[in-house]
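This report goes through the structure shown below, one topic at a time. Please keep the sequence and the model at hand while reading.

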Amino acid sequence: MKIAILALQGAFIEHENILKKLGVDFLEIRQKKDALEDFDGLIIPGGESTTQGKLLHEFDIFDVLKEKIIKGLPVFGTCAGLILLAKEIENDDRVHFSTMDIIVKRNAYGRQLASFITNDKFNDKLVPMVFIRAPYISKVTKDCEVLAVVDGKIVAARENNQLVCAFHPELTSDYTVHKYFLSIVENYLNSNTK
């Protein structure tokens, strides 16, 4: 199993550190040739969604990754990654990959000073959740499974091969969310070898 991590901007090193601890091989995507390599899953980290969206186009990576996601490649978006995957952004005219049938609200919890940490359930398991200028999901379709709700707001969801969360599991020492994503990758690999 090899996981690609979009490494243009944001918290990609923190995701790499968790994959190392879990013994999972990974590669960084920094240019088009990296995106054309073979890998079994993709992580889009937290950071600045507008900057990441711009760089995806500047480095000619966008279309390659979008096609892979549409064809079923497992993808995990945290914070900015959630925004990049959403079909609609409530308070922004721009959309990016637009592959996941959710509506999100950017910077929904306010400025950096409004960042917070809480413990809540992700897929029925209690995990620490770090929110930094986080979005939340304001609407999901019937094809999306809600995996976490904090204070009445959807903060994690899954639609088929796509997993998103508004918080930063890569900034904690709890690997529950990453292990959940790796189980999606495992199922994807198993179904493709039959």
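Helices here are DSSP runs of H or I with at least four residues, numbered from the N terminus. The model is predicted.

## D34 in helix α2

D34 belongs to helix α2, which spans residues 32–35. With a relative accessibility of 8%, D34 counts as buried, because buried means under 20% relative accessible area. Leaving out residues up to four places away in sequence, D34 touches L27, E28, I29 and F39.

## Helix α1

Helix α1 covers residues 12–21, and its buried residues are F12, H15, E16, I18 and L19. Viewed down the axis of α1, these buried residues fall within an arc of 160°, so they line one face of the helix.

The strands among them include β1 (2–6), β2 (25–29), β3 (41–44) and β4 (75–78). Helix α6 (176–192) also takes part in this cover. After α1 comes G23, which has a positive phi near 70°.

## The nonpolar core

In soluble globular proteins, nonpolar side chains tend to be buried together. In this model the largest nonpolar core has 62 residues. The members that touch the most other members are I29, L42, L65 and F122. Helix α6 supplies the largest share of this core, six residues.

L65 shows what such a position looks like. Neighbours within four places in sequence aside, L65 is in contact with L6, I29, A35, F39, L42, L56 and F97. Two of these partners, I29 and F39, are also touched by D34.

## Aromatic pairs and clusters

How many aromatic pairs does the count come to? The count comes to five. In one of them, F76 and F181 have ring centres 5.4 Å apart and planes at 35°, so the pair is tilted. F76 sits in strand β4 and F181 in helix α6, so that distant parts of the chain, 105 residues apart, are linked by the pair. Both F76 and F181 are buried.

F131 and F167 also form a tilted pair, at 5.9 Å centre to centre and 55° between the planes. F131 lies in strand β8 (residues 125–131), while F167 lies in the loop between β12 (162–165) and α6. The two are 36 residues apart, and the pair links distant parts of the chain. Both F131 and F167 are buried. Together with F116, these two residues form one aromatic cluster.

## Lysines over rings

Two lysines lie over aromatic faces. K68 is placed over the face of F39, 4.2 Å from the ring centre. F39 is also a contact of L65. K153 is placed over the face of Y136, 5.3 Å from the ring centre.

## Cysteines

What is the count of disulfides? It comes to zero, and the cut-off for a disulfide is a pair of cysteine sulfur atoms within 2.5 Å. The sulfur of C144 is 14 Å from the closest cysteine sulfur, that of C165, which is too far for a bond. C165 is in no disulfide either, and its nearest cysteine sulfur, in C79, is 8.5 Å away.

Are C144 and C165 buried or exposed? C144 is buried, at a relative accessible area of 10%. C165 is buried as well, at 0%.

## The loop between β7 and β8

N123 is found in the loop between β7 (116–122) and β8. Its phi is positive, near 50°, in a residue other than glycine. N123 has a relative accessibility of 33% and counts as partly exposed.

D124 is placed in the loop between β7 and β8. The phi of D124 is also positive, near 70°, and this residue too is other than glycine. At 68% relative accessibility, D124 counts as exposed, because the cut-off for exposed is over 50%.

How values were computed:
Residues are numbered from 1 along each chain as its sequence is written. This is a predicted model: local features need pLDDT of at least 70, side-chain atom pairs count only at pLDDT 80 or more; totals for chains, interfaces and linings use all residues. Side-chain values use heavy atoms; hydrogens and water are left out. Buried means under 20% relative accessible area, exposed over 50%, partly exposed in between (1.4 Å probe, protein chains only). The arc is that of the directions from the helix axis to the C-beta atoms. Contact means heavy atoms within 4.5 Å. Rings of Phe, Tyr and Trp (its six-membered ring) pair if their centres lie within 6.5 Å; planes under 30 degrees apart count as stacked, over 60 as edge-to-face and the rest as tilted. A charge sits over a ring if NZ of Lys or CZ of Arg is within 6 Å of the ring centre and within 35 degrees of the ring normal. A nonpolar core is a set of buried Ala, Val, Leu, Ile, Met, Phe, Trp, Tyr and Cys residues joined through side-chain atoms within 4.5 Å.
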